[in-house]
Amino acid sequence: MVSIYKWQRIKPLHAQGVSIRKIAKILSVSRNTVRKYLRDINPPQFKAREYEKQLDKYREEIQDMLDKGYIGTRIHKELVQKGYMGSPSSVHRYLRAFKENDKAAKLATTRVETGPY
């Protein structure tokens with residue numbers, strides 16, 4: 001994948017008269033990539049792929065189990081009985097992120113203003 005930094009270097013090099021072959025060699029990209037970025041007026045748009053986690057469909061059940069005080073291994077056993085095929089470490093990672101989000105929500109405060117006495 002060509003980074004934006006490489007994309008930014010392609011046009012100035014070409015404007016200086018450097019050949020497409022030489023630009024490709026300098027930046028370690030293919031000649032077709034150099035041609036592509038020379039044709040484009042706008043910078044390349046990169047977008048991270050969105051993944052759906054296998055555990056997302058069990059989110060409410062996991063929250064219920066956490067409210068009951070279940071630990072990660074117990075939650076994993078319960079989820080396996082419901083059809084979950086993942087590993088215990090996946091459940092523990094999911095729980096860690098889950099608890100961090102919950103912790104941030106608990107730390108947030110709501111400002112309340114009262115009238116003068």
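Analyst: Helices here are DSSP runs of H or I with at least four residues, strands are runs of E with at least two, and both are numbered from the N terminus. This is a predicted model, in which local features need pLDDT of at least 70 and side-chain atom pairs count only at pLDDT 80 or more, while totals for chains, interfaces and linings use all residues. Residues are numbered from 1 along each chain as its sequence is written, and side-chain values use heavy atoms, with hydrogens and water left out.

User: How many helices are in the protein?

Analyst: Along the sequence the pattern reads α-α-α-α-α-α. The protein has zero strands, and its number of helices is six.

User: In which helix is confidence highest?

Analyst: The mean pLDDT (the predictor's confidence in each residue, from 0 to 100) is 86 for the protein, and 90% of its residues reach 70 or more. Confidence is lowest in H6, residues 88-107, with a mean of 80. At a mean of 94, it is highest in residues 20-27, helix H2.

User: Where do the buried residues of H2 lie around its axis?

Analyst: Ile-23, Ala-24 and Leu-27 of H2 are buried (under 20% relative accessible area; exposed is over 50% and partly exposed in between, with a 1.4 Å probe and protein chains only). Seen down the axis, these buried residues fall within an arc of 100 degrees (taken from the directions from the helix axis to the C-beta atoms), so they line one face of the helix. Exposed on the other side of H2 are Arg-21 and Lys-25. The buried residues therefore lie on one face.

User: What is the orientation of H2 to H3?

Analyst: The axes of H2 and H3, residues 31-39, come within 8 Å and cross at roughly 110 degrees (lines fitted to C-alpha atoms over the stretch in contact, with angles from 0 to 180 degrees between N-to-C directions). That angle makes the pair roughly perpendicular (65 to 115 degrees; under 35 is roughly parallel, over 145 roughly antiparallel, the rest oblique). So H2 stands to H3 as roughly perpendicular.

User: Which residues of H3 does H2 meet?

Analyst: On the H2 side, Ile-20, Arg-21, Ile-23 and Ala-24 take part in the contact (heavy atoms within 4.5 Å). Their partners in H3 are Arg-31, Val-34, Arg-35 and Leu-38.

User: Is His-76 buried or exposed?

Analyst: His-76 is found in H5, residues 72-81. Beyond its neighbours within four places in sequence, its contacts are Tyr-84, Gly-86, Ser-87, Pro-88 and Val-91. Because its relative accessibility is 13%, His-76 counts as buried.
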